[in-house]
Amino acid sequence: MEEAMAGCSVAGGACSTVANSSGAHVYLNRTQGGCVLFHAAREAGAELKEISWGFGPESDYRVILTVCSSTDPPTWVSLQDKYEQRVHVPNMTSLRIDNLTPGDSGQYRARISFTGGKEFNMNFHLTVYAPVPLPQIWVTSSSITAGWCNVTLECRAQGAMEDLKVTWESKGLPEELEQRGTPGPAPNSWTLDLSLPLSQPNPRLTCVLSNPLDQKTATTDLGAICVPDSHAVTGPGLLAHLLRAVIAVLFFLGAGLCLWKTRDKKQKMEPGRAPPGGLWAPLPGYQGATSGRKVASQSCL
C-alpha cells in the first residue's frame, strides 16, 4: 500500500509536521488555529469504490461524510454543523480540516471500500495543542541567612495549563548543586525552592514552558535577588511591604494632626487672649475704676 501522509498547506504558509505511523494508525500533533490533512492509503492497482470519513472512539463512532468519486461532492452524514465550514476534500483519498481547535482532538477513521467487497480501515489520532503562553518568573519569598540566599520561585503563565510541561534550567550554579540536580529538570513543577551561596556570582535560572510542538522561556538573574540587605522582593512580598509603608504614612499623618490641634488649643488659652465665645469689654457706666474685673460683652445680631 502507499505510505500514509499527513500535513497540509494553505495560502500564506504551510502547516505540516511529520506523522508517526504504525501500520493502519497515524499519530499527529497540531497547533490550535492550524490545519491537518488526512491521506488514506490504497492498494496499488485496486479499484477504489468509496471512502467514508468518521470521528470518535469505538463506543461513540460517527460517520462524517462519504466520498464516492473524485468529481462528485461528498455526501454529509453527520456533524455537518461542526465541520462543514472547515472540512475540504481535495481528492477522493484526502480530507483536510482547517482552523483546528482543541475540541477537534481525537480519533478519525477512513474506511476504504474497493470493488469486489474488500475494505480497509485507517485510523488517525489527532491532538490539537493550544499555543504555549509566555511564562513569568515570580519571587514568592527570599531571605539571606549565614551566607546563603534562600529563594522560592514560581513559574506562572496565563491560559490552559493541562498540556504544558515545566522544566527549570540553570546556568552559573555551583558544580555541587548541578550534580545534585538542583534545580535541574523539574517536570510539571511550577514552584522551585533554592538555597544558594552568596559567593556565587550571577547565577541564572530559566523556566521552560513547552508542549510537543512549541516552547516559551523566561529567565531571571538570581544575582539581583541575592544581595545582602537589599535583595529584591516581588509578588506577595512586595504587596506586604507596600501595605506596611501605607500604614506608616497614615500613622504619622494622624500623629501630626493631633499635635497641631493640641498646640492650637494651648495658644488660644494663653493670658491676654480671648477664649472662644466672645470679646472682653467694660461694663456699662464703667469710668475707669481701679478694679481689674472684666466682663465679656454681649451682643445680639
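Two rings of Phe, Tyr or Trp (its six-membered ring) count as an aromatic pair if their centres lie within 6.5 Å, and planes under 30 degrees apart are called stacked, over 60 edge-to-face and the rest tilted. By that rule, a search of the whole structure turns up seven aromatic pairs. The model is predicted, so to speak of local features takes a pLDDT of at least 70, side-chain atom pairs count only at pLDDT 80 or more, and totals for chains, interfaces and linings use all residues. Residues are numbered from 1 along each chain as its sequence is written, and side-chain values use heavy atoms, with hydrogens and water left out.

**Aromatic pairs**

- W53 and F124 form a tilted pair, 6.0 Å centre to centre with 35° between the planes.
- W53 lies in strand β7 and F124 in strand β13, so this pair ties together parts 71 residues apart in sequence; helices (H or I, at least four residues) and strands (E, at least two) are DSSP runs numbered from the N terminus.
- Both W53 and F124 are buried, which means under 20% relative accessible area, with exposed being over 50% and partly exposed in between (1.4 Å probe, protein chains only).
- Y83 sits in helix α1 (residues 80–83) and Y108 in strand β12, 25 residues apart.
- Y83 is buried at 0% relative accessibility, and Y108 is buried at 1%.
- One aromatic cluster is made up of F38, W53, F55, Y83, Y108 and F124.

**Nonpolar cores**

- A nonpolar core is a set of buried Ala, Val, Leu, Ile, Met, Phe, Trp, Tyr and Cys residues joined through side-chain atoms within 4.5 Å.
- The largest one has 28 residues, and F38, W53, I97, Y108, F124 and L126 touch the most other members.
- Elements giving two or more residues to this core include β5 (25–31), β7 (48–55) and β13 (119–129).
- A second, separate core of 20 residues includes V132, V139, L222 and C226.

**Cysteines**

- The whole structure holds one disulfide, a term for a pair of cysteine sulfur atoms within 2.5 Å.
- This disulfide joins C155 to C207, with an S to S distance of 1.9 Å.
- C155 lies in strand β15 (residues 148–156) and C207 in strand β18 (residues 204–211), so the bond ties together parts 52 residues apart in sequence.
- The S-S torsion is about -85°, so the disulfide is left-handed.
- C155 is buried at 1% relative accessible area and C207 at 0%, whereas C68 is partly exposed at 41%.
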